[in-house]
Amino acid sequence: MGRTLQNTMINLGLQNACDEAVYQLGLDMEELEEIEEDAGLGNGGLGRLAACFLDSMATLGLAAYGYGIRYEYGIFNQKIRDGWQVEEADDWLRHGNPWEKARPEYMLPVHFYGRVEHSASGAKWIDTQVVLALPYDTPVPGYMNNTVNTMRLWSARAPNDFNLRDFNVGDYIQAVLDRNLAENISRVLYPNDNFFEGKELRLKQEYFVVAATLQDIIRRFKASKFGSTDSVRTVFDSFPDQVAIQLNDTHPAMAIPELMRIFVDIEKLPWDKAWDITKRTFAYTNHTVLPEALERWPVDLVEKLLPRHLQIIYEINQRHLDHIASLFPNDVDRLRRMSLIEEGGTKRINMAHLCIVGSHAVNGVAKIHSEIVKTQVFEDFAALEPEKFQNKTNGITPRRWLLLCNPGLAELIAEKIGEDYVRDLSQLTKLHEFVDDELFIREVAKVKQENKVKFALYLEKEYKVKINPSSMFDVHVKRIHEYKRQLMNCLHIITMYNRIRRDPAKLFVPRTVIIGGKAAPGYHMAKMIIKLINAVAQVVNNDPMVGSKLKVIFLENYRVSLAEKVIPATDLSEQISTAGTEASGTGNMKFMLNGALTIGTMDGANVEMAEEAGEENLFIFGMRVEDVTELDRKGYNAQLYYDRLPELKQAVDQIKSGFFSPKDPNLFHDVVNMLFHHDRFKVFADYEAYVKCQEKVSELYLNSKAWTKMVIRNIAAAGKFSSDRTIKEYARDIWHVEPSDLKIPPPNEPRDAGQDKTPNGTAA
């Protein structure tokens with residue numbers, strides 16, 4: 001979520017008043033804002049997307065709740081020591097959190113372990129261990145519409161009789177100390193991005209958030225006028241018309257068997273009725289196609305932790321496979337491919353398959369990704385129910401990612417086209433009229449230059465490196481992962497370095513290359529990539545032949561509040577994943593909106609950015625998805641490129657020989673070995689096209705006016721990438737609710753008694 005103070009002031013229309021009041025107290029608002037800790041309760045794009053969606057849902061007047069876990073320790077703080085990443089605990093609650101309100105009155109029990117007893121009256125899950133879920137509410141204000149939604153995060157608490165109720169002669173002190181075991185559930189965020197780690201504590205976290213949330217939703221449904229009760233029990237027929245649940249990836253997939261358990265075991269609904277309601281309630285968003293990221297929980301683990309849920313999953317699977325067998329008799333291989341249970345080795349539950357079968361809608365997060373989902377990853381399911389599969393291209397909130405982080409540009413735009421664009425970003429197309437307006441061109445360039453100077457001062461303060469603010473700011477910030485190809489950027493840096501040294505007199509367009517991002521603590525290759533970048537920076541930044549022509553900076557502890565500083569100062573945005581691997585990306589959109597140009601592959605939302613702005617206004621290079629597929633068919637041979645391209649050979653040889661690690665010449669052996677023998681992401685195959693494309697970038701940068709005109713065309717085309725547009729599409733195509741642009745009266749004005757705050761019906 002990042003910081004809350006400035007976002008709240010902007011959405012409430014109070015920023016100027018607060019700035020002025022604080023100034024009159026002899027304080028500086030910006031200094032105050034810097035004191036707030038980031039709430040870092042997620043791992044990269046997926047977590048930040050949820051935060052943008054909350055802002056858009058409130059701004060569109062949807063009655064929506066964001067549910068998650070109140071981690072005591074969020075994503076780790078990254079320190080760079082001697083070029084290596086070192087993790088420190090993110091003790092973000094150390095000084096308290098003024099934005100949250102504990103709600104002990106809504107505390108709920110969550111059960112684990114135990115066993116299942118079957119009788120005539122149905123299944124009973126008994127002898128369980130109970131953990132309490134304590135909700136903390138954080139307000140989510142809409143933009144200038146007097147709407148405030150809620151983000152509800154659950155914290156784990158041991159019940160007071162924990163370990164004391166068992167036939168216990170026991171040790172009272174130890175029993176109280178053991179409360180930690182239960183409360184560890186919400187202790188720490190697992191720091192993996194695009195990687196599945198099948199740990200018991202992680203599965204506990206996933207079930208914990210799901211079980212608490214579903215109880216909360218059902219309590220609210222029963223209390224509302226819709227949960228009509230006939231003295232005996234609630235009628236749930238209207239449930240899917242009043243409740244929509246969006247599964248953000250497969251992490252909350254246990255919600256599907258959990259809702260079935262509530263309906264069948266507790267509310268005593270017949271299976272078919274319960275299943276119909278469940279399917280109509282859930283929708284699933286897929287966020288990745290990388291096989292190592294797909295959740296596959298071992299059956300033994302689920303059986304131990306959630307025995308009733310395993311039985312329910314088996315029943316869902318049986319009925320699902322019976323249905324497929326009736327459509328495709330004798331096609332055993334299809335049954336194997338489509339089963340929720342993967343046999344062979346340890347039996348596992350494929351959570352994506354569970355989500356597809358248990359949802360009425362499945363979507364990818366960019367056109368190209370949704371196509372890959374339909375035609376490759378889940379092709380059997382899409383053949384069965386093509387109407388279930390949709391696309392919803394990701395977006396970003398223009399409140400945080402323009403107004404808050406780039407007030408200079410936001411104001412400049414408002415002067416030209418008015419202020420309405422903040423709620424309707426498609427209005428940015430009006431800027432096309434000003435592409436040839438000399439004054440506007442100069443003003444856009446001036447705002448960028450001011451942002452660069454400000455960021456350069458920040459860098460000099462933090463990193464003690466002298467930055468040339470007129471150099472091109474070439475920025476690559478995102479999680480460190482092989483598929484995102486920070487290594488390819490690194491090879492380009494080495495190539496530029498070698499060119500400067502080969503011909504120091506030759507004209508060279510000066511660059512400051514900024515790379516930032518966290519590596520998962522257990523991801524060895526990603527940590528080696530960070531070390532390599534820092535080793536290269538050490539050599540480049542201290543070579544007198546290079547001077548101010550080329551500087552390399554690894555940005556420590558990349559997070560939302562740092563993104564808000566670097567993105568407005570960026571000239572060139574690096575979006576260079578291997579085609580077909582980045583589901584969407586959202587950083588790409590933030591850079592586009594903030595006046596950077598993009599160098600990128602035809603991957604994720606880059607494809608739609610090129611479609612909106614015109615391919616000639618992005619620096620597109622490299623293999624397309626078809627080329628990657630063809631190269632896989634032929635077999636990728638890295639050696640071929642190494643032998644054919646002298647500059648690539650030189651760069652790789654320097655890494656291999658220890659040119660960048662003289663004290664330990666073999667330091668990067670693993671990296672080089674990977675590049676030659678098991679590079680799934682084909683860095684060498686795109687190297688030549690990338691370097692040539694970078695030459696075109698430098699050439700355009702020399703012509704400041706032409707560069708800025710291209711920037712304006714990009715900003716004018718960025719309207720599609722508002723999360724408001726994304727949420728409107730979810731609302732209409734999946735949740736079946738109508739967004740409202742009604743501004744509800746402020747609390748100090750009397751309201752009509754008949755006025756309903758949520759005319760939309762469904763709560764998402």
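How many bridges join E14 to strand E16? Let's find out in the views below.

**View 1. The whole predicted model.** This is a predicted model, in which local features need pLDDT of at least 70 and side-chain atom pairs count only at pLDDT 80 or more, while totals for chains, interfaces and linings use all residues. Residues are numbered from 1 along each chain as its sequence is written, and side-chain values use heavy atoms, leaving out hydrogens and water. You can look for 31 helices and 24 strands in the protein; these are DSSP runs numbered from the N terminus, with at least four residues (H or I) for a helix and at least two (E) for a strand. The C-alpha atoms fill a box of roughly 90 × 65 × 60 Å along the principal axes.

**View 2. Inside the protein.** Of the 764 residues, 58% are buried (under 20% relative accessible area, with a 1.4 Å probe and protein chains only). Take the contacts (heavy atoms within 4.5 Å) between residues at least 6 apart in sequence: 74% of them join residues at least 24 apart.

**View 3. An open sheet of 3 strands.** Its order is E14-E16-E15, and the pairing is antiparallel. Strands count as paired if DSSP finds at least two bridges between them. At the edges are strand E14 (296-298) and strand E15 (341-342), each pairing on one side only.

**View 4. Where E14 meets E16.** Here is the reply to our opening question: 3 bridges join E14 to strand E16 (residues 348-350), and the two run antiparallel. Look for Pro298, which stands opposite Arg348 in E16.

Note on methods:
Buried < 20%, exposed > 50% of the residue type's maximum accessible area, 1.4 Å probe, protein only.
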